[in-house]
Every structure is written in structure tokens, then in C-alpha cells.
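User: I would like to go through the labels used for this model and see what each one rests on.

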Amino acid sequence: DTDSDFHLLIAKASKNPIMPLVIESIRKLMSQINLALYDVVKDAKEFAVDFHSKIFDAISARNESLARRTMYDHLKKAEQHIRQALEWKLQNPDGLK
């Protein structure tokens, strides 16, 4: 999927040989989480696309500090969205299988 492809490209560009292995190992799980997440947190996909665009722009501009800060913000927002989805699931145990 496009989201995990983006993360894999970033991991490869990092020149850290461990990062692509980590992303590759969680790709399928990321896709499954995103599908459930996007059903529950309506603006999650829009936020992800916006962050990806900002991260891409920062990398293209070779602005390492901006890219790092934007990736951090992206991951924090994703964590918030996952927490929202988990909270929703706890309140709606029969919803979204």
C-alpha cells in the first residue's frame, strides 16, 4: 500500500540498514491497522497524507531538522489516532471486526 511504500522509501533513504528491515517486517501489520484506523478516525488518512507531503518536501529541500521534526509530529499524531481507535473499539466491542 502507498503508506507503507512511503515509509519503506524513507527508511531506505536513511542509510540505516536496520530501518528497511524494521519497516518491511511490520508492513502487513501497518496496512491492517490503517484500514481499521481509517474507518474509525475519519481524518486520520488526511493527516497522514498531509504529513507525508511535508516530510517529502523537507527531505527534497535537504532540511534534515525539519524532516526529523515533521516525522516525529507525524508519529505522535499517528499514536493519538491509534489510541482513539483503540478507545472506540473498547467502547464498541462488536464494531469493526
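User: What makes the nonpolar surface patch, and what is its area?

Analyst: The patch is made by Ile18, Met19, Leu21, Val22, Ile26, Leu29, Ile33, Ile82 and Leu86, and covers about 750 Å². Patches are made of residues with over 30% relative accessible area and no salt bridge; like charges are joined within 9 Å, and nonpolar side chains (Val, Leu, Ile, Met, Phe, Trp, Tyr) within 5 Å. Accessible areas come from the Shrake-Rupley method with a 1.4 Å probe, and for residues only the protein chains shown count as cover.

User: What is the basis of the model and of the numbering?

Analyst: The model is predicted: local features need pLDDT of at least 70 and side-chain atom pairs count only at pLDDT 80 or more, while totals for chains, interfaces and linings use all residues. Residues are numbered from 1 along each chain as its sequence is written, and side-chain values use heavy atoms, with hydrogens and water left out.

User: Which helices supply at least two residues each of the nonpolar patch?

Analyst: They are helix H2 (18-40) and helix H4 (64-91). H2 gives the largest share, seven residues. Helices are DSSP runs of H or I with at least four residues, numbered from the N terminus.

User: Why is Leu86 called exposed?

Analyst: Buried means under 20% relative accessible area, exposed over 50%, and partly exposed in between (1.4 Å probe, protein chains only). Leu86 has 53% relative accessibility, so Leu86 counts as exposed. Its place is in helix H4.

User: Why is Ser4 called buried?

Analyst: Ser4 has a relative accessible area of 2%, so it is buried. Ser4 lies in helix H1 (residues 2-13) and touches Ile23, Arg27, Met30 and Ser31, not counting residues up to four places away in sequence. Contact here means heavy atoms within 4.5 Å.

User: What joins the side chains of Ser4 and Arg27?

Analyst: A polar contact of 3.3 Å joins them. The term means a pair of N or O atoms within 3.5 Å; within protein, one must be able to donate a hydrogen and the other to accept it, and residues adjacent in sequence count only if both atoms are side-chain atoms.

User: How do you know that Glu64 and Arg68 form a salt bridge?

Analyst: A salt bridge is a side-chain nitrogen of Lys or Arg within 4 Å of a carboxyl oxygen of Asp or Glu. For Glu64 and Arg68 the N to O value is 2.7 Å. The two are four residues apart in helix H4, so about one helical turn separates them. Glu64 is exposed because its relative accessibility is 55%, and Arg68 is exposed because its value is 54%.

User: Which salt bridges does Glu79 form with Lys76 and Arg83?

Analyst: Glu79 and Lys76 meet at 3.2 Å, N to O, and the closest N and O atoms of Arg83 and Glu79 are 3.0 Å apart. At 30%, Glu79 is partly exposed; Lys76, at 38%, is partly exposed; Arg83, at 54%, is exposed. Elsewhere, salt bridges that share partners join Asp5, Glu24 and Arg27 into one network. By this rule the count comes to six salt bridges.

User: Which residues of H4 are buried, and what covers them?

Analyst: The buried residues are Ala67, Thr70, Met71, His74, His81 and Ala85. Their cover includes H1, H2 and helix H3 (44-60).
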